[in-house]
Amino acid sequence: MQRIIVVDDIEINREMLCHMLQDDYIVEMAGDGQEALEKLQKYHKETVVLLLDLLMPKVDGFAVIQEMKKNGWMKKIPVLIISGEYAVEIENKCFELGAADFIHKPFESSIVRNRIKNAVELFSYKNQLEQKVEEQEETLRKQSHIIQRQADELRRVKSFNRLMMKYRAAIMEVETRMQVLNEDFSHEYNRNPFESIKSRLKSPSSIYEKLARKGFPITVESIRENLTDVAGLRVICSFPDDIYRLADLFTRQDDISLVRKKDYIKNPKSNGYRSLHLILSVPIFLSHKKEYMKVEVQFRTIAMDFWASLEHKLKYKKDVDDTDEIVGQLRACADSIEALDYQMQEIRDKIDRSKG
């Protein structure tokens, strides 16, 4: 049977509660807060509910709660306040301190039993969830440790480092060609098609994690064959039509092949994300041969990039309040950003036409 501790300085109250509960629980009784803490010290691992009076000699109910918090018992044992006090401020204070419920005197047997039953079930469910979360966090820690260890192994493999050198060369090749287009566009149209280029090379731990998650072999050959985003660039443009013009000019170069295209500008993701993604096969020129490497290039406007940065923070930041509300606000902002991008583009076109 489960154990309950009843704490009240009036004996008849203790006896009444004991009589109501003794068929379903082992009932321990305490006449004041000090005795309650002694019982808790002895039985806290097997106690499922503490029924606690507030006004008692020696140590009152508030002091018991504070001591329970100090010892971590409040996380495992629901505290139900038993009191003849009906003042709202007292009840609020108890709930703020972590009390699970209030049982008012005089006691009604069915109410007492049901409130205890509900508190026990609720805390049992809560504790099971917390245990599952702890187990999942431990599993993630172990996985992270394995990934880091394997990533360290990859770093020591000569063929892996040579492959990373080739991806860096591919990034430089794309950056150089983009800069050439930018210069040419500037001379031809007196403006630049993009504002900035940002590049990144996937880390060994990210490479290992993605291969493992997708069930691919953890080999250098597998990286090259199965991953298309090891080398990545993000090209930030001023206007949507610059994105398509620049992407078209780039992919029309005769030694560059378009492997895959995903247009999240014309077909946004459900959360509002917009960007043009290209997977390109790009030539690099080594000391003894030409070789083709896959590179992911993402094209965004300044506003799209700002939105994506904010959404990324929400995605990876823990313990964010009102997540659903923020997701809704971000989706609305994405639609507003799209409208603003095209309005600004229209204004630019009017300015350009007026010059002619």
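Me: Which residues line the largest cavity?
Reply: Gly272, Arg274, Met304, Trp307, Ala334 and Ile337. A cavity is a set of points on a 1 Å grid over the protein atoms alone where a 1.4 Å probe fits but cannot get out, and lining residues have an atom within 4 Å of a point. The model is predicted: local features need pLDDT of at least 70, side-chain atom pairs pLDDT 80 or more, while totals for chains, interfaces and linings use all residues. Numbering starts from 1 along each chain as its sequence is written, and side-chain values use heavy atoms, without hydrogens or water.

Me: Which elements give two or more residues to that lining?
Reply: α10 (302-316) and α11 (323-355). Helices are DSSP runs of H or I, at least four residues, and strands are E runs of at least two.

Me: What volume does the largest cavity have?
Reply: About 40 Å³, taken as the space filled by probe spheres set on the points, which are joined across faces, edges and corners.

Me: What does Val235 touch?
Reply: Its contacts (heavy atoms within 4.5 Å) include Met178, Phe194, Leu246, Val297 and Phe299, leaving out residues up to four places away in sequence.

Terms used:
1 Å grid on protein atoms, 1.4 Å probe; cavity = no way out; pocket = protein on both sides within 12 Å on 5 of 7 lines; lining within 4 Å.
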